[in-house]
Amino acid sequence: AIEDMPACVTPIDVAAADSTITATTAIISWVDYNLTTPASWIININGVDTAVTENPFTFYNLTPETEYTVKVMAACTETDSSEWSSEITFTTLPTCTAPVDVTITGITTTTATVAWTDRNETDPENGWIINLNGIDTIVTENPFTFDDLTSATFYTVKVAAFCSETDTSDWSATANFITPCETVVVTDQEPYTEGFETEELICWTNDIISGSLEWEITDNDAE
């Protein structure tokens with residue numbers, strides 16, 4: 001049997017996209033299939049009804065780190081409203097939100113540039129804290145370039161927002177990178193020696209720049 005469409009159709013696909021949620025705001029959207037735009041919609045958020053005429057609609061003055069439940073109803077006329085939509089839930093962010101999408105570019109033997117996405121409503125008052133191999137550096141620039149790194153070294157990086165003296169975010173996810181090896185040019189006029197004091201010899205390759213003779217690498221055991 002074919003059923004008639006109700007005079008006032010219930011909204012569907014109610015959403016609060018993650019990218020729109022902050023510590024105190026959230027944007028609610030939905031899909032309305034009524035043939036004409038309803039006079040308004042009713043958004044119920046944690047049991048409180050709000051009549052709106054915009055889709056999407058932004059809620060302000062929410063409470064940080066709080067879970068909210070949302071459903072939407074179409075108010076087609078003063079006397080005809082739809083059923084409530086399905087409910088969705090979302091949680092507002094902390095007052096100081098951890099950075100995301102930490103990336104490393106411009107890697108050389110001694111430098112690397114760290115960048116990230118900050119999700120706070122405004123840039124943190126005191127900047128950010130970058131933890132590089134366990135050492136914290138407070139910065140006010142994004143991206144930030146380290147210029148005193150060591151070649152052929154593995155680094156871990158994570159970033160926190162330093163919103164105030166009493167409010168710091170969680171750490172971001174950790175990113176990793178390795179600085180490249182230094183290039184050493186060896187000629188018969190400029191010999192090179194290596195004491196092999198360390199066990200990890202990760203930078204040894206034999207590249208012929210000119211000529212055709214391979215370098216012969218030998219060792220001399222000494223105790």
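The torsion about the S-S bond of Cys-96 and Cys-163 comes out at about 90°, so this disulfide is right-handed. That value, like the others here, comes from a predicted model. The two sulfur atoms of Cys-96 and Cys-163 sit 2.0 Å apart.

What is the handedness of the disulfide between Cys-8 and Cys-76? With a torsion of about 85° about the S-S bond, that disulfide is right-handed. Here, too, distant parts of the chain are linked: Cys-8 belongs to the segment before β1 (12-15), Cys-76 belongs to the loop between β6 and β7, and 68 residues separate the two. Cys-8 and Cys-76 are both buried.

Thr-97 is buried, its relative accessible area being 3%. The Thr-97 side chain reaches the backbone oxygen of Pro-94 at a distance of 3.2 Å. Which residues does Thr-97 touch once its neighbours within four places in sequence are set aside? The contacts are Arg-119, Asn-120, Ala-161 and Ser-169.

Now for the overall picture. The protein has 15 strands and zero helices. Of its 223 residues, 35% count as buried. Contacts between residues at least 6 apart in sequence can be sorted by how far along the chain they reach, and 60% of them join residues at least 24 apart.

Several of the strands can be followed from one partner to the next. Strand β3 pairs with strand β4 (residues 48-52) in the antiparallel sense, over five bridges. One of the residues to look for is Ile-45, whose bridge partner in β4 is Val-48. The hairpin of β3 and β4 has two residues between the strands, and in this hairpin Asn-46 takes a positive phi near 50°. Strand β3 is also joined to strand β6 (residues 67-75), again running antiparallel, by six bridges. Here Ile-42 has Met-73 as its bridge partner in β6. Strand β6 in turn pairs with strand β7 (residues 88-91), over four bridges and in the antiparallel sense. In that pairing, the β7 partner of Val-70 is Ile-88.

Next come the aromatic rings. A pair of such rings is described by how far apart the centres are and by the angle between the planes. The structure holds six aromatic pairs. In one of them, the ring centres of Trp-30 and Trp-41 are 5.4 Å apart and the planes are at 65°, so the pair is edge-to-face, the cut-off for that label being over 60 degrees. What does this pair tie together? Trp-30 lies in strand β2 (residues 26-31) and Trp-41 lies in strand β3 (residues 40-45), so the pair ties together parts that are 11 residues apart in sequence. Both of these tryptophans, Trp-30 and Trp-41, are buried. Phe-57 and Phe-59 form another of the pairs, with ring centres 5.1 Å apart and planes at 80°, so they too are edge-to-face. Phe-59 is buried, at a relative accessible area of 8%. A ring can also have a charged residue over its face, and for Trp-84 that residue is Lys-71, at 5.1 Å from the ring centre.

Finally, Pro-56 lies in the loop between β4 and β5 (57-59). Although Pro-56 and Ser-29 are 27 residues apart in sequence, their C-alpha atoms are 4.3 Å apart in space. Leaving out neighbours within four places in sequence, Pro-56 is in contact with Ile-27, Ile-28 and Ser-29.

Conventions:
Residues numbered from 1 in each chain as written. Predicted model: local features only at pLDDT ≥ 70, side-chain atom pairs only at ≥ 80, totals over all residues. Heavy atoms only, no water. Phe/Tyr/Trp six-rings, centres within 6.5 Å; stacked < 30°, edge-to-face > 60°. Buried < 20%, exposed > 50% of the residue type's maximum accessible area, 1.4 Å probe, protein only. Lys NZ or Arg CZ within 6 Å of the ring centre and 35° of its normal. Pairing = 2+ DSSP bridges. Disulfide = S-S within 2.5 Å. Polar contact = N/O pair within 3.5 Å; in protein donor to acceptor, adjacent residues only side chain to side chain. Contact = heavy atoms within 4.5 Å.
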